[in-house]
Each structure stands twice: as C-alpha cells, then as structure tokens.
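Subject: Structure handover

Hello,

Please find the structure below, with notes on what was found in it.

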Amino acid sequence: MSDIYSSLKSDHDRHRSLLDTIENTEGASEARKSAWQEFYRDVKAHGAAEEETFYSKLIAKTWGQDSARHSVHEHQQIDDLLEELREMDMSQGAWLQKFKTLRHDYEHHIDEEEDEVFSRAREVIPEEEIEGYGKRFRDRKAQELEIIGEKREDSLED
C-alpha cells in the first residue's frame, strides 16, 4: 500500500515515460498511438481522482485554497489540450507541435505539484492519514478509468 504522495508520484513518473515514448515515435505509428491512448486515459483519470481526493482536502483549508485552485485550473487547461489533440490527425506536424505544448504544460504542472503542492499538503494532511488518501485516490482513479472506457465504447457505437 502506498501513500498519496507515492501514488501521485508513481503516476507522474509513468506519464513522463509515456511522454518520452510519444515524442520519440513518428507519425501515426502503432507505438505512438498506443502510448497516446494510455497517456490520455491515465491523465484524465488521474486528474479527476486527484481533484476529488487530494485537492478537496487542500481546498478545505483556507491557506491552501489558492494553491489547490491553481492546480485545478491547470488540470482544465491540460484537459483542453488533451481533447484538442484527440481530435487532430496524429500524422500531421501540427499534432506534434500541439503535443509539445501539452508536454511542456503537463511537466510544469507535475513538477510544481511535486515541489510545492506536496510540501503544502504535508502541512494539511496528517501523517496518519496519507495512506488513506492514497487508497482513496487509487480507488477513485480505477472508477474514472472505467467511466472513460465506457465513454469510449459509447463513442465507437455511434
């Protein structure tokens, strides 16, 4: 069982690896498509679960509101880029340029989260609760992945 910080950091490390794979592949290759699909689904689920389990605690504390709101706002910007990329032709140069914007923004977000938000959260979330938050995050993320899969199946049926 891992705590909330380890759970989030593990996801971030996986996302960094997927970003490398996506950038180091070409066009609409199967390797790029596969890495993109995994990245897209996991980041969407991660963000939703993180907001519900982690940021909700920070927002509940007055001094943590600005930091949490800033991060949630960045989640929305990243989500918008994910959706734009999802609609674009991966084999076109414009897709790669937009992807590089997403990568920059996402890496900035997770670096800031790990460096600044985690330290603020440690002042809000008592040590004895961090494993519970980790479990809640992982459980909620699993639910989000199911929802994303259901939405994907629905869109394929249209």
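I start with D11, which is buried, with a relative accessible area of 11%; buried means under 20% relative accessible area, exposed over 50% and partly exposed in between, using a 1.4 Å probe and the protein chains only. Before going further: this is a predicted model, in which local features need pLDDT of at least 70, side-chain atom pairs count only at pLDDT 80 or more, and totals for chains, interfaces and linings use all residues. Residues are numbered from 1 along each chain as its sequence is written, and side-chain values use heavy atoms, with hydrogens and water left out.

D11 and its partners

D11 is found in helix α1; helices (H or I, at least four residues) and strands (E, at least two) are DSSP runs, numbered from the N terminus. Setting aside neighbours within four places in sequence, D11 is in contact with D42, H46, F137 and K141, where contact means heavy atoms within 4.5 Å. With two of these residues D11 also makes polar contacts through its side chain: one to the side chain of H46 at 2.8 Å, and one to the side chain of K141, at 2.8 Å. A polar contact is a pair of N or O atoms within 3.5 Å; within protein, one must be able to donate a hydrogen and the other to accept it, and residues adjacent in sequence count only if both atoms are side-chain atoms.

K141 is found in helix α5 and is buried, with a relative accessible area of 10%. Its side chain makes a further polar contact, of 2.9 Å, with the side chain of D42. Not counting residues up to four places away in sequence, K141 touches D11, D42, A45, H46 and A49.

As for distance, D11 and E107 are 96 residues apart in sequence, and their C-alpha atoms are 12 Å apart in space.

Nonpolar cores

The largest nonpolar core has 18 residues, and W36, F39, L82 and L102 are those with the most contacts inside it. Here a nonpolar core is a set of buried Ala, Val, Leu, Ile, Met, Phe, Trp, Tyr and Cys residues joined through side-chain atoms within 4.5 Å. Two or more residues of this core come from each of α1 (4–23), α2, α3 and α4. Apart from it lies another core, of 16 residues, with L8, A49, Y55 and L58 among them.

What does L102 touch, leaving aside its neighbours within four places in sequence? L102 is in contact with W36, F39, I78, L81, L82 and L85.

The largest pocket

The largest pocket has a volume of about 500 Å³. On a 1 Å grid over the protein atoms alone, a pocket is an open set of points where a 1.4 Å probe fits, with protein on both sides within 12 Å along at least five of seven lines; lining residues have an atom within 4 Å of a point. Grid points are joined across faces, edges and corners, and a volume is the space filled by probe spheres set on the points.

The lining of the largest pocket has 28 residues, of which K44, A48, D79, E83 and I148 lie nearest its centre. At least two lining residues come from each of α2 (30–60), α3 (65–87), α4 (93–124) and α5 (130–157), and α2 gives the most, with 10 residues. By class, the lining has 10 nonpolar, 7 polar and 11 charged residues; Ala, Val, Leu, Ile, Met, Phe, Trp, Tyr, Cys and Pro count as nonpolar, Asp, Glu, Lys and Arg as charged, and the others, Gly among them, as polar.

D80 lies in helix α3 and counts as partly exposed, at 37% relative accessibility. The side chains of D80 and Q76 are joined by a polar contact of 2.7 Å. D80 and L102 are 22 residues apart along the chain, with 9.5 Å between their C-alpha atoms.

H70 is also placed in helix α3 and is partly exposed, with a relative accessible area of 37%. Its side chain makes a polar contact with the side chain of E74, at 2.9 Å. From H70 to H109 the separation is 39 residues in sequence and 9.7 Å in space, C-alpha to C-alpha.

D111, in helix α4, is partly exposed, with a relative accessible area of 35%. D111 and A142 are 31 residues apart in sequence and 24 Å apart in space, C-alpha to C-alpha.

Regards
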